[in-house]
Structure formats: structure tokens, C-alpha cells
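Keep the viewer open while you read.

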Amino acid sequence: MTFTVIIMVFIMGGVVWWTVRQTIGTTPWTAEESTLEINDIGFVSSQDGIRTHSMKIGLGVFLAVATSVFALFVSAYLIRMELSDWRPLAEPTLLWANTALLVLSSICLQWGVISGRRNEFESMARGLLGGGVFAIAFLVGQLMAWDELAAAGMYLNTNPANTFFYLLTAIHGLHLLGGVYVWGTTMIRTRSPADNERVKLSVELCAAYWHFLLVIWLVLFALLSST
Amino acid sequence: MSDVAHDATELAPPAELGEMELYHPKTWIGKYVWSQDAKTIAIQYAVTAIAIGLVALALSLLMRLQLGFPNSFNLIDPSNYLQFVTMHGMIMVIYLLTALFLGGFGNYLIPLMVGARDMVFPYLNMISYWVYLGAVLILVASFFVTGGPTGSGWTLYPPQSISPGTPGIDWGIILMLVSLILFIIGFTMGGLNYVVTVLQARTRGMSLMRLPLTVWGIFTATVLALLAFPALFVSCIMMLLDLVLGTSFFMPAMISLGEQTAYDGGSPILFQHLFWFFGHPEVYIVALPAFGMVSDILSTHARKAIFGYRMMVWAIVGIGALSFVVWAHHMYVSGMNPLFGFFFATTTLIIAVPTAIKVYNWVLTLWQGNIRLTIPMMFAIGFVFTFINGGLTGLFLGNVTVDLPLSDTYFVIAHFHMVMGVSPILVVFAAIYHWYPKITGRFLDDTLGKIHFWMTLLGTYAIYYPMHYLGFEGLPRRYFAYGDTAFMSESSQDLNAAITIAAFIVAAAQLVFIYNMIRSITGGKPAGDNPWEATTLEWQTEHTPPQHGNFAEDLPVVYRWAYDYALPGAKDDFIPQNVPPSAVVYEDEADDAEGGTGKTS
Ligand code: HEM
Ligand SMILES: [Cu+2]
């Protein structure tokens with residue numbers, strides 16, 4: 001559980017730090033004092049619009065939830081690993097290729113984000129397309145890795161190491177699958193130029209989510225293959 | 001304070017924020033069933049939660065009948081007892097209190113109190129409720145499947161929860177796990193809304209430090225829930241795999257019914273860690289919204305600013321943060337390295353500090369207040385008493401050496417019912433009596449309210465006070481019957497009978513309450529827009545009940561915190577949050593009625 005506790009300390013530390021920073025030195029009980037700042041705090045400025053901002057913060061909060069889920073799985077893994085019946089699993093080398101695919105996927109999306117910021121919408125759409133295709137390729141690759149293991153007689157409950165391998169890859173894959181769904185709806189939108197701004201937002205959100213899942217995957221992959 | 005004369009426009013420039021795009025339903029079904037309006041969703045949540053809560057209440061009565069009069073009724077058998085304990089506990093904690101505080105009050109109050117038109121993701125909000133309803137229905141379904149609901153205790157400890165011999169091993173436990181997983185998914189959708197709405201949709205001038213404590217409480221509880229529920233989620237998934245696919249996350253090698261099971265090497269302690277990593281914050285997920293709401297109710301009905309507002313905010317956030325590092329105090333009996341025991345006992349006692357600060361501040365808020373002893377106020381004061389009580393026994397149990405003999409006895413039952421059963425429920429009642437006039441436009445009946453209050457308060461004390469003694473005597477919890485155990489004195493059976501009678505009285509009081517709620521929708525005394533003369537924004541809406549979009553054409557602009565009661569010098573005894581300084585009438589000016597161009601002070 002130490003692993004999760006460390007992550008939680010960071011997250012909750014952030015929350016506490018944020019509140020203290022927001023609240024120290026303010027004197028809410030005097031009406032006059034803070035009315036002058038009324039423009040700067042407590043509402044979203046018009047340029048960004050409430051929706052854009054909310055979507056980004058919403059994604060951020062969701063990533064914190066997902067971090068908690070993965071941290072707990074990792075903690076469970078570390079605890080279960082210590083027990084005597086654990087037989088380390090030889091991970092398929094295919095995983096290296098899959099990792100490369102996921103990296104490519106993230107790069108494409110990032111390219112889409114950069115193009116979007118420059119208002120080059122065609123190249124943004126291409127980046128988006130590439131990101132999704134590589135992500136789907138990654139998912140297929142993961143399924144092939146499962147196949148390979150199963151063919152070698154390594155089933156889900158042959159050993160706890162195997163169980164964790166299937167479980168962690170599945171949970172990660174499902175998260176990515178959710179992303180692919182959003183990617184699909186965004187792809188449909190790219191066809192009408194009127195939606196450019198919304199697509200731009202979606203691409204940014206997708207990219208952030210993809211990078212997050214890439215980092216998670218790297219952590220999981222390191223964990224799985226080092227033990 | 002300066003000498004500059006402010007006028008309202010200078011203080012608050014005209015709205016330039018992008019207004020939220022509201023979804024406008026066209027049909028009746030769109031408006032009341034598949035509704036995306038947070039207020040309607042709130043009511044859906046609340047009605048569902050209360051309905052399932054009544055089931056949990058009925059289960060507790062069946063258990064009490066058995067305990068009070070062991071050989072007389074024979075309504076339930078030992079398996080039923082275990083099943084009812086489990087369902088009662090799980091429903092009360094999760095499906096009633098969590099859902100009611102966050103899904104119910106959170107949905108209703110957050111947008112109104114921060115001055116927003118709705119939650120920021122209304123569609124997601126709607127889905128959240130329907131997923132919750134699905135979770136409840138699946139839970140209810142487990143009463144009707146072969147083998148009935150699970151009887152593993154609300155803690156669901158493996159290996160027994162999924163081993164033969166425990167009731168509900170066929171389907172009950174599966175449905176329980178699936179229902180919990182759905183609940184968590186549904187909650188996460190709602191929770192994203194509550195957090196982002198508080199962060200992003202506050203109206204102009206509503207800085208964080210002007211949020212009413214209700215919003216702080218619900219907000220922090222939501223953050224805790226978003227981070228803690230994953231632990232339950234993870235353990236439910238792993239347990240489902242153990243159960244359905246025969247993996248061994250939690251299941252050790254063991255012999256069951258004379259046969260070696262296929263499980264090998266799993267760790268039941270791992271489950272306990274995961275469960276309590278969720279379970280302890282869960283206590284605060286229920287408590288923090290209650291803390292917040294009770295603060296606002298006390299302040300409003302005592303006509304006095306909450307004492308130490310900033311301290312209260314920090315205490316809420318501090319308790320929230322600390323609640324993640326105390327979980328293993330539920331596992332003293334499972335055994336652990338003494339150093340860990342020391343660590344967790346220490347953190348547990350430290351968390352008492354911010355909690356005690358809150359209690360002092362409530363009491364100091366009442367001190368010399370101009371107390372209006374309304375029904376919500378009575379319940380709020382009842383909460384303060386009960387919470388102190390339950391909190392003190394918590395200090396006993398937080399110490400390893402004291403906990404060991406008391407663990408799994410009725411002392412623990414009494415402790416947690418006081419602190420996380422009765423206390424939050426009293427706040428729920430206070431809040432319903434307080435906000436009902438806003439939700440329906442009518443008051444709840446006062447006489448019935450008084451009857452409800454006194455029966456509930458005295459009744460619950462009659463139930464739980466004696467249980468402490470039963471605990472000292474060593475009566476274990478989760479027992480169907482005690483028979484002729486040597487340590488159990490004869491009088492304790494009499495005590496048990498008395499407790500059961502008290503439980504029935506309390507239950508009867510709830511029927512009075514339900515009747516009151518239903519009757520007052522149409523028959524209550526009309527309340528007007530701001531019957532309690534409160535300062536927060538939900539009382540300043542154009543219509544009561546507030547309509548779709550909450551506020552009139554322009555969103556309110558906030559100039560002050562939520563606690564301007566009995567402001568020195570001011571003519572009115574309360575100043576709503578959206579009254580600009582220039583519009584406040586002061587006593588010395590009131591006579592020479594100059595008009596509102598400005599004030600100097
Ligand atoms: C009139 C109200 C209530 C009565 C009469 C009552 C009665 C009981 C009884 C008889 C038990 C079983 C004790 C045992 O044999 O171990 C129990 C357990 C429990 N109750 Fe209540 N209860 C009430 C309200 C609540 C509330 C409001 C909560 C909300 C937190 C709650 C939470 C629990 C929990 C978590 C358990 C433990 C379940 C377990 O051991 O797995 N109860 N209650
Ligand atoms: Cu605890």
C-alpha cells in the first residue's frame with residue numbers, strides 16, 4: 001500500500017496546497033475588500049468559455065481517479081508478489097513492439113495538437129487519424145500478446161503473475177478503448193469545417209488522455225517485466 | 001474600509017462570462033424522467049435513496065426482533081440474520097447516505113449555492129442517476145435469487161464471503177459486487193460534475209472563500225470519494241475474478257467442507273487493506289457533507305456568523321487529507337507490525353484535532369446567538385450532541401490496546417451507529433426540514449416535525465446508549481442469538497428487549513416523517529422565497545421552487561461571504577450574498593433615508 005499512499009500524499013497534498021493558497025490571506029468577512037478583485041476570481045473569463053475550461057478540468061479530475069485505480073492495482077501487485085507461490089512470467093517480446101505503437105500514437109496526437117494551435121486543421125485531422133490508428137494497432141497487438149501467452153499454456157489462473165498480467169493489460173486496454181470511442185466521434189466531426197474549434201478541443205483532450213495512458217503503460221510494463 | 005463611495009457597477013462589471021448553454025427538454029418525459037436538470041436529478045436521487053433506506057430500516061427491525069425476543073417470533077433464521085446485517089449495513093452506508101448526501105443534496109445545492117444555472121455536464125449527470133438506480137435494482141434483485149443476498153457482512157471479507165457456508169454464495173455475492181461496481185461508475189460520473197461545477201461554474205464574485213460551508217463539505221467529500229471508491233472498485237473486480245474465474249488474489253489455499261479448494265496462496269489481508277483504504281474515507285464521505293450543512297444550518301438559525309470560517313474550511317480539507325492514512329485502525333485485530341499499529345493509532349488520534357476544532361466552532365457559533373429553535377435547528381443541535389458522543393468512543397477504539405477487547409462487540413456497533421449512523425441521519429433530517437421550503441415552496445408541518453425530532457433523538461439514545469454496556473460485557477456483534485453464554489448476564493437480555501422496543505419507536509417516528517413529507521407537498525404552509533432569512537444564493541432565486549436555469553436572466557453577483565448575520569450597525573439582521581455594499585442600509589442612515597448612492601464608514 002506504500003505505493004498508493006505516496007501517490008495519495010501527492011494528490012491530497014496538491015489539494016491542501018491549493019486550498020491554502022486560495023484561502024490564506026483572504027478575509028471573506030469584509031465585503032468591500034475583495035469586491036475589486038471580482039473580475040479575476042470566481043468565474044471563467046469569456047475568451048475560454050465555460051465549456052472548454054470545464055472539459056479540461058473534468059478530464060484532469062478523471063485522470064486523478066484513474067491514477068488512483070492504477071495505483072491501487074500496482075499496490076495489490078506488489079503485495080501479492082511477495083507471497084510464496086509467485087512465479088514470474090516471461091512477457092512476450094511483442095510487448096516492445098506494442099509499446100512503440102503506443103508511443104507513435106501519442107506522437108501523432110501531439111502533432112495534431114500542435115497543428116491545431118496553428119489552425120492548420122487538415123494536418124490536425126491527419127494527426128488525429130494517425131493517433132487512433134496506432135492506438136487500435138496497439139490494442140490488437142495486446143490481444144495477440146494474450147494469444148501468444150495462452151498458446152504457451154499461460155492461462156489466467158495458472159499463476160498470480162499471469163492473472164495480474166491479464167488483469168492489468170485488460171484494464172489499461174479498456175481505458176484506451178474508451179479513448180478510442182471518443183476518437184471515433186471526433187473523427188466523424190472532422191468532416192465538417194464548422195466544427196473545427198470543437199475538434200481542436202477534442203484533439204487536445206485526446207492527446208492529454210493518450211499521454212496519460214502511455215505513462216501508465218510504461219509504468220505497468222516496467223513493473224510486469226522487472227518481476 | 002475605505003472612504004471611497006462605490007457604486008454597484010464599479011464593484012461588479014457587467015457580465016461578460018460565457019453563459020452556460022442550457023438543455024431545454026421538450027416533452028414531459030424529458031423534463032421529469034430523462035431529466036438533465038440537476039434539481040430534478042437531485043430529487044430522483046433522494047427519493048431512490050430514501051426508498052432503499054427504508055428497506056434497510058425494515059431489515060434492522062427484523063434483526064432487532066430476533067435479538068430482543070430470541071424465541072418468540074421466529075421470523076428469520078440464522079442465515080437470514082447474516083444476510084440482513086450485510087444488506088442493512090451496505091445499504092445504509094453506501095446506497096442511502098452516500099447517494100443522498102452527494103447525489104441528492106450535492107445536485108440540488110451545488111449549482112444553486114455557487115450561482116450556476118446547472119451542473120457543467122448535465123448529460124453525464126443524468127446518466128449518473130440511472131446507473132445508480134441500476135445498482136440499487138441489482139442489489140434489490142439479490143433478495144429474490146436462489147440463495148438470497150450475501151451474508152458476508154458489509155465488509156465482504158474473503159475467504160468467507162465467497163466460500164461455501166456463507167449465505168448468498170450462489171448469486172447474492174455476485175450481484176452485490178456488480179451492484180457496487182455500477183454504483184462506483186455512476187458516482188464517478190456525478191462526482192466529476194460536482195467537482196468541476198464548484199471549480200468552474202461559480203458566479204462572479206463567488207471566490208472560494210465565499211462558498212458556504214455546505215459546498216466545501218460536499219466538494220471535499222466528493223474529492224475523497226473519487227479517490228477512495230477506486231479501492232472498492234479494484235477489490236470488487238479482483239473478488240469477482242476469484243469467484244467466477246477461480247483466480248487467487250484473496251483466496252488462500254484452504255480446506256472447505258472437507259475438500260481442498262482450487263485456490264492457492266491468495267492474501268485475505270490484501271483485501272482488508274484495499275477495503276479499508278476505501279472504508280475509512282467513506283466515513284468522512286458521509287461526515288463532511290453533514291459537517292458542512294450543519295454549519296450553515298446552525299449559523300442561519302442562530303443568526304450569527306459561523307465561528308472561525310477559515311478554520312472550518314481548513315479542518316474540512318485537513319480531515320479529508322488525513323483520512324487516507326488511518327485505514328489500518330480497522331485491522332488492529334488482523335495483526336500488524338507494532339510500529340504500524342503505533343503509526344495508525346497516532347494518525348487516528350491526530351484526525352481528532354481538526355474534528356474537535358469543528359465541534360468547538362459549532363458550539364461557539366451557538367454561544368450568545370439569537371437562537372431560533374426551529375425544527376432544522378433542533379436536529380442540528382441534536383447532531384452536535386450525538387457527534388461528540390460518538391466521537392469520544394472513537395478515541396477509545398483508536399487505541400490498539402483498548403480496541404482489541406472491544407473489537408467486534410456491541411461497543412463498536414454503538415460507536416459507529418452514533419458517529420456515522422445517527423449523526424449524519426440527524427443532519428439529513430435537519431437539511432430536509434431546512435431546504436424543503438425551497439424545494440417545494442412549502443414548510444413541513446411543525447408539530448409533526450417536533451414529534452419526529454423528539455421520538456428520533458430520545459429513541460436513538462435509548463437504542464445505542466445501552467449497547468455500550470452490552471459491549472463491555474463482551475456481547476459479540478453479528479450474532480443471531482446468544483443462548484446461555486456464561487458471560488452474558490440475565491439483565492442484558494432485558495436490555496436487548498428494551499432496545500428493540502426503542503428501535504420500533506424510532507421506526508414509527510420515521511413514518512410520521514414520511515407522511516409529513518408527502519402531505520406537505522400540497523398541504524404545507526406556503527413558505528415564500530426566503531423563509532429562514534438566509535444569506536446564501538439558493539434563497540435569492542426569482543421563483544420558489546427555482547425553475548430551469550435556477551436564476552433570473554442575470555446570474556447573481558456575489559459581494560460577500562455567506563455569513564453576514566447580525567452585522568454590527570446594519571439595519572437588517574441578515575445580508576444576502578448578492579447585496580452590494582452600497583445597498584446595505586445602516587442604522588444611522590436609515591433615518592435620513594438618503595437613498596442608496598453610497599455609504600461611508
Ligand atoms: C433505527 C436505526 C437503526 C437500527 C435499529 C440499526 C440496527 C442494527 C443492527 C441490529 C445491526 C446488526 C448488529 C449485529 O448483529 O452485528 C446493525 C448493523 C449495522 N448498521 Fe445499523 N441500525 C440502524 C441505523 C443505521 C444507520 C443509519 C447506519 C448508517 C451508517 C447503520 C449502519 C450499520 C452498519 C454499517 C452495520 C454493520 C453491518 C455489519 O456488521 O456488516 N445502521 N444495525
Ligand atoms: Cu476508520
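Helices here are DSSP runs of H or I with at least four residues, numbered from the N terminus. One thing to keep in mind throughout: this is a predicted model.

**The iron site**

Let's start with ligand 1. Its iron atom is coordinated by B:H88 and B:H417, each through NE2, at 2.0 Å. The site has 6 donor atoms, with angles of 86 to 180° among them, and comes out as octahedral. B:H88 sits in helix 4 (residues 78-114) of chain B and B:H417 in helix 13 (residues 410-440) of chain B, so this pair ties together parts that are 329 residues apart in sequence. Are these two histidines buried or exposed? Both B:H88 and B:H417 are buried.

The side chain of B:Y81 has an N or O atom 2.5 Å from an oxygen atom of ligand 1. For B:H88, a side-chain N or O atom is 2.8 Å from a nitrogen atom of ligand 1. B:Y410 places a polar side-chain atom 3.2 Å from an oxygen atom of ligand 1.

Take B:H280 and B:H330 as a pair: they link distant parts of the chain, 50 residues apart. B:H280 belongs to helix 8 (residues 268-302) of chain B, while B:H330 is in the loop between helix 9 (309-322) and helix 10 of chain B.

B:H280 has a relative accessibility of 6%, so it counts as buried. B:H330 has 29%, so that residue counts as partly exposed.

**Aromatic pairs**

Over all chains, the structure holds 60 aromatic pairs. A pair of aromatic rings is described by the distance of the centres and the angle of the planes. Here are two of the pairs, side by side.

| Pair | Centre to centre | Angle between planes | Type |
|---|---|---|---|
| A:F165 and A:Y166 | 6.0 Å | 80° | edge-to-face |
| B:W362 and B:F387 | 6.4 Å | 80° | edge-to-face |

Why does the pair of B:W362 and B:F387 count as edge-to-face? Their planes are at 80°, and the label applies over 60 degrees. This pair links distant parts of the chain, with B:W362 in helix 10 (residues 338-366) of chain B and B:F387 in helix 11 (residues 375-398) of chain B, 25 residues apart.

How about burial? B:W362 has a relative accessible area of 0% and is buried. B:F387 is buried too, with a relative accessible area of 8%. Over in chain A, A:F165 and A:Y166 are both buried.

Most residues other than glycine have a negative phi, and most peptide bonds are trans. With that as background, a few spots in chain B are worth a click.

The peptide bond from B:P158 to B:P159 is cis, with omega near 0°. B:P159 is in the loop between helix 5 (122-141) and helix 6 (172-200) of chain B. B:T544 and B:P545 are also joined by a cis peptide bond, and omega is about -10° there. That places us in the loop between helix 15 and helix 16 (587-591) of chain B, where B:P545 lies.

Then there's phi. B:N74 is not a glycine, yet its phi is positive, about 55°. You'll find B:N74 in the loop between helix 3 and helix 4 of chain B. B:N74 has a relative accessible area of 58%, so it is exposed. B:Q368, also not a glycine, has a positive phi of about 60°. B:Q368 lies in the loop between helix 10 and helix 11 of chain B, and at 69% relative accessibility it counts as exposed.

How values were computed:
Residues numbered from 1 in each chain as written. Chains lettered and ligands numbered in written order. Predicted model: local features only at pLDDT ≥ 70, side-chain atom pairs only at ≥ 80, totals over all residues. Heavy atoms only, no water. Donors = N, O, S within 2.8 Å, 3.2 Å for Na, K, Ca; no water. Tetrahedral: all angles 85-135°; square planar, octahedral: opposite > 155°, others 65-115°. Helix = DSSP H or I, 4+ residues; strand = E, 2+ residues; numbered from the N terminus. Buried < 20%, exposed > 50% of the residue type's maximum accessible area, 1.4 Å probe, protein only. Phe/Tyr/Trp six-rings, centres within 6.5 Å; stacked < 30°, edge-to-face > 60°. Polar contact = N/O pair within 3.5 Å; in protein donor to acceptor, adjacent residues only side chain to side chain.
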